[in-house]
Structures are given as structure tokens and as C-alpha cells.
Amino acid sequence: MFIKDLLCFYSYNPEITVGGFGDDSNEFHLSPPSNDYDTSSEPENATAMPENDTFRYPHVNITLSSPIDYAIPIGGYCMPFLILITIIANTLVVVVLSKRHMRSPTNAVLLTMALTDTLMALFPAPWLLYMYTFGNHYKPLSPVVMCYAYTIMTEILPNFFHTASIWLTLALAIQRYIYVCHAPVARTWCTMPRVLKGIGIIFGLALFHLSTRFFDYYFTTDTIEWEGAEHEVCFYHYAYWMTHYVTVDYYFNYYFWFRVIFVHMGPCIALLVLNSLLFRAMKEAQQKRLQLFKDNKKANECRKMRDANSTTIMLIVVVTVFLFVEVPLAIITVLHLVSNTVVELPFIESDMVAVLILFSNFFITLSFPINFAIYCGMSRQFRETFKDLFIRGAAASARHNGSSRYSLVNGPRTCTNETVL
């Protein structure tokens, strides 16, 4: 699936000196892969490098850079089916949330998350089919344009959308926390224009963070003997500016530690804290609602609190599912990075990390259609709108546009513009 940047670097460097990504001369220490899968169909010089090129890796070969015994069943058979379900489910989410009466700051974030998750799964899909479903993983990859396409579509773009999705989830939790715990502030900061601007900033920052990944490498071609014939293959190189100005050690240490702090561990810790605060605030609101109901007073206020709590519960579940699949990946990333840059951890092996990341990617993709099930099961308005669009028909949707079930969380739309889910 979409190979993480951390593994992407190691996939061309099966063995790297602990304590850095290369020595002072930038000559990388390569050794043959330790994977046990069959490489009988690989070129005899699959790991050979010309003596006059210390910066060139072995030619691009998927069998040698992925845990093929697991990648074929997961990437070739499970993932295409799961991606198809994700595309269908998230398309339905986008259609429902884009309806006029569903437009709100919270729904704008949820809609963008659905689009982001879909694109994150969609870009690698053609390569999964080509490499694993159709069994072309053992063939040398060429020409150069195909090598660039493979790298961009399976590594860079999925990581871009994954980064944006993580930050959008964090923004969703922060937004809900403001609605629940600081309602007066929400009227100023959680308006639709500000939320849309925030979404744009998130995508801009994610693109800026990954922008150098488009230029930190390049491919050249050469010919090798494979299956008794000459074949053109791609060879991977670091960019000149990396090896002569920035240094590879500094670049990758800075890049990966930034991802660990601001993309993986940081957002996960913040989401755990926000989820706990939201859960506590929701419990307090439920107690207040029960007291109002007991006193038989302020029935309208009681109903608003019930609707707000329902939305909060649903978003807590969405964030919990997100954490369930993201925290393991964050832990794997941290341990692997520490083992290769700080101190060697004997229980962390590259082969094991490759398998764990493969399964982590699978479960992350599995969580995408689960969000659709959560919306249908826990959101009355989403469920009713879905029925109007796809079961009762457009006429019913037009007839019920003014229905009381399309109520607001925090009073009139002019105050917070927040629609009940």
C-alpha cells in the first residue's frame, strides 16, 4: 500500500549504520536483503552498483524492497477490494454532506476528510493492481517516467494526504472542543469562512512539509541482463543538493523527526487529551440535562443539549477509531527511527518493521469506510438525508428540507452555523 517515508528510505538501504543514515563521506553501506522470499527470478546483478557511482542504489525492484509474502495477499487481493468499498462509501459521504441543509463548519471538515482519505487510497491503487494483483512485482521497473510515477503515487502523494487527514482530524477535535466547552468563542472562530481558511492552511502546510520529497532524488536508466536479454532499468540517486550541501544525515534526521513529532505522536497525544476532555464535558452536560428533565423545565434547552451530545458522541467515536489505527503506526515509526538514529534496539528489525507498516496501512484503509457506518448509525440527520437521496428520492428530499429534524446545535444559524448531525 502507500509505503511510509521512513520505510521508503530503508527499502533502498537494507542495512544502514546505526547512529546515522550514512557516514561522513555519504557512502552508503548496503548489504543484500535478508528477506526469505524467493528471488530466483531476480537479475543476477540486482544489488550491484558501479564502482564509480557511490550514490547510486541497486535498481528499482519491488520484490527486493517489500515483504512480498505479505504484500501479495494484502496489496494484491485485499486492498483493491477495500479501496473500492472506500471509494463508494466516501463518495456517499461527500454527496450527503454537500447538500445545502447539511453545510456547517463541522460537516465541512468531515467532507474534506472523506475526500482526503479517498485520494490517499486511490493514488496507489493502480500500482497495487499492476504489481501484486497481476504479478509484475518481480520485473525491473522502467522507463524513468514509470519510476517517478511509482514513487510519487505510492509514497509522496499518499503521505501528503495522510498528513492532511491527521491534521484535519485534530482540527475537528479542536473545533468540537470549542463548541462544547467554549460556546461563545465558537461564534467567532468556528464560522464557515474561518474553517474553510483553516482547511486551506492545513493542505498548504502538508504540501510545504513534503515539498522537498519531490526533489530529493532522481532516476537514471541503465541496461542489465535479465532472463537472458538486455533490459532497461531505473537507478535511484540522491539529489546533488542533498549530498553536497545539506548532507543526507541532516536532511533525513530532520525530516523524520519532524514527522514523528508533528504528524504522528504529537497529534495522537493531543487527540487523546481532547477526547478525554470532550467525554468529561459530555458527561457533565448529560447530568445537567437529566436535572432539567427532572425539574420539567426548559424543554427546548434540554432538546438542544441532547442533540449536541449526540454529535459529540459521534465525533468521539470517529476520533477513537482514528487513534486505534494511527497510534500503532506512530509507535512503530518512533521505535524504528530511534533504533536507526539514537540507539540500536535489538528487537527492531527492518523486515519486521516492513511487515508491521504493511499491516498498519491495511488497517488505516479499513477505517475509512467505517466512518460511513458511524455516520449512518449515530447521526439522525445524515441517515435521514441519505434515505431521502437514495431511497425515497429527490422529491422527498425537497419536501423535507424545512423539516424540524434539520435543527441546529447552538441556536439560530446566525450564531454558530453548526448543524446537528
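**Entry 1: H3 and H12**

I started with helix H3 (residues 68-97) and helix H12 (residues 350-378) in this predicted model. Their axes come within 9 Å, and I read a crossing angle of roughly 25°. Angles under 35 degrees count as roughly parallel, so I logged H3 as roughly parallel to H12. The crossing of H3 past H12 is left-handed. I then sorted the residues of this contact by class and found 20 nonpolar, three polar and no charged.

**Entry 2: H5 and H6**

Next I looked up helix H5 (125-133) and helix H6 (144-181). The axes of H5 and H6 come within 9 Å, with a crossing at roughly 120°. On the H5 side the contact is made by Pro126, Trp127 and Met131. H6 brings Met146, Ala149, Tyr150, Met153 and Thr154 to the contact.

**Entry 3: Leu141**

I went on to the loop between H5 and H6, where Leu141 lies. Is Leu141 buried or exposed? Its relative accessibility is 4%, and the limit for buried is under 20%, so I put Leu141 down as buried.

I then listed what Leu141 touches, leaving out residues up to four places away in sequence. The list holds Trp127 and Met131, then Met146, Cys147 and Tyr150, and also Val60, Val233 and Cys234. Trp127, Met131, Met146 and Tyr150 were already in my notes as part of the contact of H5 with H6. I also checked Leu141 against Glu232: they are 91 residues apart in sequence, and their C-alpha atoms are 8.2 Å apart in space.

Thr151 is found in helix H6. With a relative accessibility of 2%, Thr151 counts as buried. Leaving out residues up to four places away in sequence, I found Thr151 touching Ile156, Tyr217 and Phe219.

Cys181 also has its place in helix H6. I read 30% relative accessibility for Cys181, so this residue counts as partly exposed. Leu277 is 96 residues from Cys181 along the chain, and I noted 8.9 Å between the C-alpha atoms of the pair.

**Entry 4: the core**

I looked up the largest nonpolar core and found 89 residues in it. Leu110 and Phe382 have the most contacts inside this core. Which helix gives the most to the core? H6 does, with 13 residues. In soluble globular proteins, nonpolar side chains tend to be buried together.

**Entry 5: the chain as a whole**

The chain has 15 helices and three strands. Of its 421 residues, 51% are buried. Among contacts in the chain with a separation of 6 or more, 75% join residues 24 or more positions apart.

Technical notes. Residues are numbered from 1 along each chain as its sequence is written. This is a predicted model: local features need pLDDT of at least 70, side-chain atom pairs count only at pLDDT 80 or more; totals for chains, interfaces and linings use all residues. Side-chain values use heavy atoms; hydrogens and water are left out. Helices (H or I, at least four residues) and strands (E, at least two) are DSSP runs, numbered from the N terminus. Buried means under 20% relative accessible area, exposed over 50%, partly exposed in between (1.4 Å probe, protein chains only). Contact means heavy atoms within 4.5 Å. A nonpolar core is a set of buried Ala, Val, Leu, Ile, Met, Phe, Trp, Tyr and Cys residues joined through side-chain atoms within 4.5 Å. Axes are lines fitted to C-alpha atoms, for helices over the stretch in contact, and angles run from 0 to 180 degrees between N-to-C directions. Angles under 35 degrees count as roughly parallel, over 145 as roughly antiparallel, 65 to 115 as roughly perpendicular and the rest as oblique. A crossing is left-handed if the near helix is turned anticlockwise from the far one by less than a right angle, and right-handed if clockwise. Ala, Val, Leu, Ile, Met, Phe, Trp, Tyr, Cys and Pro count as nonpolar, Asp, Glu, Lys and Arg as charged, and the others, Gly among them, as polar.
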